[in-house]
Amino acid sequence: MEWIETTAKTIDEAKDLALDKIGVIAAEAEFEVLEEPRQGLFGRTRGQARVRARVAPKAPRAKEDRGRRRRKSGGGNKKSGSTATSSTSTASTSTASTSTASGSGADERDGDNNGAAAPGASDRGRSSEGGNRKNGGRQNNKKKSNREGSGDRSRRGNNNMKSDAPESSLQEVEACVSGFLTGLTTAFDLDAAVEIDTSNDEVYAQIQGKHGLLLGPKARTLDAIQELTRITAQRTAPSSIRIKVDVGGYREQRSVALAQFAEKAAAKAIDEQVEVVLEPMSPPDRKIVHDALNDVDGVSTRSAGADPRRRVIVVPDEGPASSDNDASADDDAANDDAANDGDSAD
Amino acid sequence: MSDSLAPTAEAVLLHLCQSVVASPDEVSIEASSTGDEAVRFDVSVNKDDMGRVIGRRGRVASAIRTVVGAAGAKDGVSTEVEFVE
């Protein structure tokens, strides 16, 4: 895993910059603060914040880091444990913090969940003993319906912390996703059942019925719902489990249509022996195209460009291509399709 | 909580905000009419939750606005969502 280093005026800015560079959300990144911005005389910032980041092997570790830093800057240190941590201020590493006494793991976690919580908030989190994560408690309040007891959950979370593999179980994520989406459809006052299909490493939530309202123009609403689902799930049950949300089979249908479009583009590339540059698409859409053409003889695919405008290029193989695909000129409709992808990627 | 202006949008907004914050009890929404078919929601959350409802580069906030917009369509209004501490 590669580390990248960024500098900015504040730690948060540097962190943001780093996230942009590695292209993941904060929960999936791991940070090390190499240098905190020093205040010069008269409030002028003299030193820059230097942050090192990489895609975290484990998501919640990054969160832990973030919490620790915030708490530090909030000046709300209360526990001797945390003061000890902050004494490593300028060159603290995340690994250092995780390897502190195992007992303090839970406390770290607490602080993290309080987020930027300054002094006042810490009482809440601290009052519960180590095993009872703040998170578990909150989750319980919020979604009584789908969580039987936080005790068991919290314990597990804690164990995970120690084993350095803080994964919430598939069931936990599933319960969280289903609770969120059921609440959402209820709020929408829609009669839409939520069906969850969980495979090994993916939670696929299907909102039953053709609800155009939940889909929105170019599936923007659906994408927003999916994003909020992921965020909620990540905050209540941190894991690296993939979450997909679909309404009335929309995504499935679209991926079929997209694959067909990709095959037409491949046929064109083979027939005319030219590279066919597709419209910009979102990463998941590009994957569908790559996958669809992986099995097609005579072409290969690559991507070019930077992310909002990144596009797939279909390249015909050298030499006599065995073309058993029909060439078709009627890819106008399909082109629109691709244009849609590009937009929804924004 | 005033339900008359845009009940669906408000319910959705409340659900979304409570889902992403750490202190769901401290989420409150104030709806005000800003025109014929336009409603403005002022969402106040715990100070520490501001980052959570806004998200990195406003991603969470814009996702919330998108979904609330859809809900508002059901109520026949356009919506505006502001987050205040």
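The exercises below go from the interface to single residues and then to one chain's fold.

**Ground rules**

This is a predicted model: local features need pLDDT of at least 70, side-chain atom pairs count only at pLDDT 80 or more, and totals for chains, interfaces and linings use all residues. Residues are numbered from 1 along each chain as its sequence is written, chains are lettered from A and ligands numbered from 1 in the order in which they are written, and side-chain values use heavy atoms, with hydrogens and water left out.

**Exercise 1. Describe the interface of chain B and chain A: what area is buried, and which elements of chain B supply residues?**

Step 1: count contacts, meaning heavy atoms within 4.5 Å. You get 26 residues of chain B in contact with 34 residues of chain A.

Step 2: work out the buried area, i.e. the accessible area (1.4 Å probe) that two parts lose on being put together, summed over both. That gives about 2400 Å², with 59% of it on carbon and sulfur atoms.

Step 3: look for salt bridges (a side-chain nitrogen of Lys or Arg within 4 Å of a carboxyl oxygen of Asp or Glu). The rule finds two across the interface. Arg59(B) and Glu227(A) form a salt bridge through their side chains, at 2.9 Å from N to O.

Step 4: assign elements, taking helices (H or I, at least four residues) and strands (E, at least two) as DSSP runs numbered from the N terminus. On the side of chain B that touches chain A, helix H1 (7–20) and helix H3 (59–75) each supply at least two residues. The largest share, 10 residues, comes from H3(B).

**Exercise 2. Where is Thr221(A), and what does it touch?**

Step 1: Thr221(A) is found in helix H11 of chain A.

Step 2: check accessibility, where buried means under 20% relative accessible area, exposed over 50%, and partly exposed in between (1.4 Å probe, protein chains only). Thr221(A) comes out at 4%, so it counts as buried.

Step 3: skip residues up to four places away in sequence and list the rest. Thr221(A) touches residues of both chains, including Leu213(A), Gly216(A), Thr66(B), Val67(B) and Ala70(B).

**Exercise 3. Why does the span of H9(A) agree with its number of residues?**

Step 1: the expected span is 1.5 Å times one less than the number of residues.

Step 2: helix H9 (residues 170–187) of chain A has 18 residues, so it should span 26 Å; the end C-alpha atoms are 25 Å apart, which agrees.

Step 3: look just past the helix, where Asp189(A) takes a positive phi of about 60 degrees.

**Exercise 4. What pattern does chain B follow, and where does Val53(B) lie?**

Step 1: chain B has three helices and three strands, running α-β-β-α-α-β along the sequence.

Step 2: buried residues make up 51% of its 85 residues.

Step 3: Val53(B) lies in helix H2 (residues 50–54). With a relative accessible area of 0%, Val53(B) is buried.

Step 4: Val53(B) and Val21(B) are 32 residues apart in sequence, yet 6.6 Å apart in space, C-alpha to C-alpha. Leaving aside neighbours within four places, Val53(B) contacts residues including Val45(B), Ile64(B) and Phe83(B).
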